[in-house]
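Here are my notes on the model you asked me to look over.

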Amino acid sequence: MMLRSALLRRVGVALVLAAATASVFAEVLPEVMYSVAVPNDVAPAHIVHKIKLKSGQRVNKLLDSEYSDYFAVLDNGDVMTVARLDPLLGRVVTLRVSTGFSNGDTKVVMVRVSVKDRQAMLRFLKQEYDASVYENLPAGTELQGLDELEAMGEEDVRYELLGGHSVFALHHVGGIPTIVTRRSLDREAQDLYDLVLRAYDKEGMDMAEAKINVHILDMNDHAPVFTQNMFYFFVPLNVSRFDKIGRVTAHDGDGDKVVYRLAYPSNTFTIVPQTGEIMLIDPPETMVYELELEAFDKRKPTLYSDNLAKAHIEFRYPSDSLFTGESNDIEYDAYPEHAMSKRSAKKRVKRGQLRHTKELVFSEADGATEGKVVFQLEKEIQWETFKIRDDNPWVEVDTNGAVRIKKKWDYEELGPEKTIDFWVTITNNDRNGKCCTVYNNA
């Protein structure tokens, strides 16, 4: 018996020492507090708050209090309701959640819950707003489209703007929030900004958010600029009337459609306004021509290119080394995209005449039915037949001149110019078998 008692005493001492050793390393960490607001009419199982657990941290339990019967805490940190909160309306409830760590440390997380009437909760009229402002306006310009931005439910509200701090600033005018620019904006650099406006009550317990999409509107501030000051075209003398001899290009910084025209009329050449293609409309009388060209955009107000471009057009005999590949004094490699090759010099078009451009105005509804004839090209003589020169996604032309809807017209897909442009080849096969071709830009 004496031996057994001594053994028990030693075991008891060992247990006491082990408990004392554990208490040396375990630590009660400072409490952490969160504040939230919740409507009184939420149903049970509503998530009030989510405790962000760190690595190795676990939820022990919700500590008992006079309010603990209304709430529960899940293992993942979700604080949820388990009963209706109507009896707690108007109260601020403090919940204490015990958490522990794998090393034995413990931490109590406090969650203050303000139970409010739903109509008294902070809220915005919309969850998402679309605002706009024109580019190039001075700093301090107010965004448009935010007339109903004020949060409702509380009289004393403070606001915080998230995102875009270097570009936008939040102002309060009579308690109503407004957003202004901090500097002049450039739509070509960035055309959309995403912001979040957050509202708080005076206690910092209730909070509401609204997303704001800021669209930077375009101003016509870039005139078209030609890609070259001088365009060179070397053309064989046996080129046919209405052949394309080259194309000029200009770029618009706003992305607008560019229109081209000759600065001075020519009896020998014309330029297609929509494409910048230069066409021969009459046999050349000299070997060298120099045209001056102008470009402008299809916007209001219209902006014109600051400088005229020039097109140097030089006619050569087909046997010239420029077209045969033999060397001469022409720097062929300097103008690869403009020089006409021997292959293109063989292209032929029957000689005829150029009819006037036909311009008609339709509504989007006029093009709703595929296959419908929208207008008729007139014949000048009965043997004429018609054919669309280049494939067009919107219209097709019958041999009798009927222009039909190929694809249902969509105003948004037509591009900024909102036009459907196409060329029609008109062939005249008369009784004697003679043929000629004319063009009509419809």
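What follows is a numbered list of local features, with the cut-offs given as they come up.

1. Ground rules. This is a predicted model, so local features need pLDDT of at least 70 and side-chain atom pairs count only at pLDDT 80 or more, while totals for chains, interfaces and linings use all residues. Numbering runs from 1 along each chain as its sequence is written, and side-chain values use heavy atoms, with hydrogens and water left out.

2. Salt bridges overall. The structure holds 15 of them, a salt bridge being a side-chain nitrogen of Lys or Arg within 4 Å of a carboxyl oxygen of Asp or Glu.

3. Lys50 and Asp78. These two form a salt bridge, with the closest N and O atoms 3.2 Å apart. It ties together distant parts of the chain: Lys50 sits in strand β2 (residues 47–50) and Asp78 in strand β5 (residues 78–81), 28 residues apart. (Strands are DSSP runs of E, at least two residues, numbered from the N terminus.) Is each end buried or exposed? Lys50 counts as partly exposed because its relative accessibility is 45%, whereas Asp78, at 12%, counts as buried. The cut-offs are under 20% relative accessible area for buried, over 50% for exposed and partly exposed in between, using a 1.4 Å probe and protein chains only.

4. Arg316 and Glu314. Here the side chains meet in a salt bridge at 2.6 Å, N to O. Both Arg316 and Glu314 are buried.

5. Arg389 and Asp390. This salt bridge has its closest N and O atoms 3.2 Å apart. Arg389 is partly exposed at 24% relative accessibility, and so is Asp390, with a relative accessible area of 40%. Elsewhere, salt bridges that share partners join Asp218, Asp256 and Arg299 into one network.

6. The second largest pocket. Its volume is about 320 Å³. Of the 20 lining residues, the closest to the centre are Gln274, Thr275, Asn392, Asp421 and Phe422. A pocket here is an open set of points on a 1 Å grid over the protein atoms alone, where a 1.4 Å probe fits, with protein on both sides within 12 Å along at least five of seven lines; lining residues have an atom within 4 Å of a point. The volume is the space filled by probe spheres set on the points, which are joined across faces, edges and corners. What is the lining made of, by class? There are 8 nonpolar, 4 polar and 8 charged residues.

7. A nonpolar surface patch. Met287, Val288 and Tyr317 make it up, with about 300 Å² of accessible area together. Patch members have over 30% relative accessible area and no salt bridge, and nonpolar side chains are joined within 5 Å; the areas are Shrake-Rupley values with a 1.4 Å probe. Met287 lies in the loop between β20 (277–280) and β21 (288–297), and its 33% relative accessibility makes it partly exposed.

8. Lys379. Look in the loop between β23 (373–376) and β24 (384–388). Lys379 is partly exposed at 39% relative accessibility. Lys379 and Gly401 are 22 residues apart in sequence and 7.7 Å apart in space, C-alpha to C-alpha.

9. Most residues other than glycine have a negative phi. Ala45, in the loop between β1 (28–39) and β2, has a positive phi of about 80°. Asn136 has a positive phi too, of about 70°. Asn136 lies in the loop between β8 (128–134) and β9 (157–162) and is partly exposed, with a relative accessible area of 38%.

Note on methods. Nonpolar A, V, L, I, M, F, W, Y, C, P; charged D, E, K, R; others polar. Patch = residues over 30% accessible without salt bridge, like charges linked within 9 Å, V, L, I, M, F, W, Y side chains within 5 Å. Helix = DSSP H or I, 4+ residues; strand = E, 2+ residues; numbered from the N terminus.
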